[in-house]
Amino acid sequence: MQAATEFRVTAEEAASLGRVAVIMGGDSAERPVSLKSGDAVLSALQRAGVDAFGIDLYGEQGDQCPIAQLQAQPIDRAFLILHGRGGEDGVIQGVLEMLRIPYTGSGVEASALGMDKLRSKQLFVGAGLPTAPFAVLASADRLDEAEQRLGYPMMIKPAHEGSSIGMSKVRDRDQLDRAFGEAVRFDRSVIAEQWISGAEFTVAVLDGEALPVIRLETPHEFYDYDAKYQANDTRYLFEHGLEPEREAELRKLAIEAFEVVGCRGWGRIDVMQDDAGRFYLLEVNTAPGMTDHSLVPMAAQRAGIGFGELAVRILKGAG
């Protein structure tokens, strides 16, 4: 990534941005990732000349009132880099709107829809956008139906978790039973999705424009938590093998998904391509990671936008 010290805001820009709270942490399963993202964003903003400070929502002890934390000192705008439930699902967005604090990223409704894999897939279907066939696993009684409708292999997902938490690829009924038990530990709403064999792509969106497409390759069975944040053998390919017209199609699909969900500012859309070349939307991420393994900074760097400039551009879009 481009060194944050290479990008500086003017004194006038810093004054217009005001006192900025980088809100990170939270109490979801993605807290560790959020803290890493938040530290990176806070450091970049400060080095760029922004008057920024961090708020670790709930704090290390987990007993602090988040509203009291937000009211403890003046905030002119907030850079939201919370991941998971309570931070990416519209909850904190609603609190900030009640406190009349402008914040980065999508609003209440789009955040809730983006976090809910089931509702977003239903929205894609309603809008005529391609997404993998799926089944709702409201209880263990629905596993037979999922087997019959989708066949094997399939992917089991908690509907309201990110970072691939609680997700499993299954090839038979024993694995399905175990995967459902694992997923339901994180969420009462679980979905089964038909497995798409093929290439996986991600497209970052910034200020209404699609950034360069990244193809993801991992020796893992899928792009799981370890592949995203810990492994060193995941490959991020800008030489993705798509013909120019197919890349344009993919970028267009990403923008359509972003707009259908009602997102604003920035985000990331994950897409699979099957062996026949057809694209399928996986999900829209309304508050993507900003760690050293994260995809949005990679795509921005490819477009000539360093980490510091990226953070400031996201911040300027706060509404």
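User: Why does Cys263 count as buried?

Analyst: The relative accessibility of Cys263 is 11%. Buried means under 20% relative accessible area, exposed over 50%, and partly exposed in between (1.4 Å probe, protein chains only). Cys263 therefore counts as buried. The model is predicted, so local features need pLDDT of at least 70 and side-chain atom pairs count only at pLDDT 80 or more, while totals for chains, interfaces and linings use all residues. Residues are numbered from 1 along each chain as its sequence is written, and side-chain values use heavy atoms, with hydrogens and water left out.

User: Why does Cys65 count as partly exposed?

Analyst: Cys65 has 45% relative accessibility and therefore counts as partly exposed.

User: How many disulfides does a search of the whole structure find?

Analyst: The search finds 0 disulfides, a disulfide being a pair of cysteine sulfur atoms within 2.5 Å.

User: What makes Leu281 buried?

Analyst: Leu281 has 0% relative accessibility, so it counts as buried. The residue lies in strand β13, residues 279-285; helices (H or I, at least four residues) and strands (E, at least two) are DSSP runs, numbered from the N terminus.

User: Which residues does Leu281 touch, not counting those up to four places away in sequence?

Analyst: With contact meaning heavy atoms within 4.5 Å, Leu281 touches Lys121, Phe124, Leu129, Pro130, Thr131, Ala132, Leu253, Ala257, Ile269, Asp270 and Val271. Leu129 is 152 residues from Leu281 along the chain, and their C-alpha atoms are separated by 7.7 Å.

User: Why are α2 and α12 called roughly perpendicular?

Analyst: The axes of α2 (residues 31-47) and α12 (residues 307-316) cross at roughly 95° and come within 9 Å. Axes are lines fitted to C-alpha atoms, for helices over the stretch in contact, and angles run from 0 to 180 degrees between N-to-C directions. Angles under 35 degrees count as roughly parallel, over 145 as roughly antiparallel, 65 to 115 as roughly perpendicular and the rest as oblique. The pair α2 and α12 is therefore roughly perpendicular.

User: Which residues of α2 and α12 meet?

Analyst: Ala40, Val41, Ala44 and Leu45 of α2 meet Phe307, Gly308, Ala311, Val312 and Leu315 of α12. By class, this contact of α2 with α12 has 8 nonpolar, 1 polar and no charged residues. Ala, Val, Leu, Ile, Met, Phe, Trp, Tyr, Cys and Pro count as nonpolar, Asp, Glu, Lys and Arg as charged, and the others, Gly among them, as polar.

User: What makes α7 and α8 oblique to each other?

Analyst: Helix α7 (residues 143-150) packs against helix α8 (residues 173-184) at an angle of about 125°, with axes 11 Å apart. The two helices are therefore oblique to each other. Leu143, Asp144 and Glu147 of α7 and Arg173, Leu176, Asp177 and Phe180 of α8 make the contact. The contact of α7 with α8 divides into 3 nonpolar, no polar and 4 charged residues.

User: Why does Tyr58 count as partly exposed?

Analyst: Tyr58 has 24% relative accessibility, so it counts as partly exposed. Tyr58 sits in the loop between β2 (52-57) and α3 (66-71) and has a positive phi of about 80°, although it is not a glycine.

User: What makes Asp207 partly exposed?

Analyst: The relative accessible area of Asp207 is 41%, so Asp207 is partly exposed. Asp207, also not a glycine, has a positive phi of about 55°, and its place is in the loop between β8 (198-206) and β9 (209-210).
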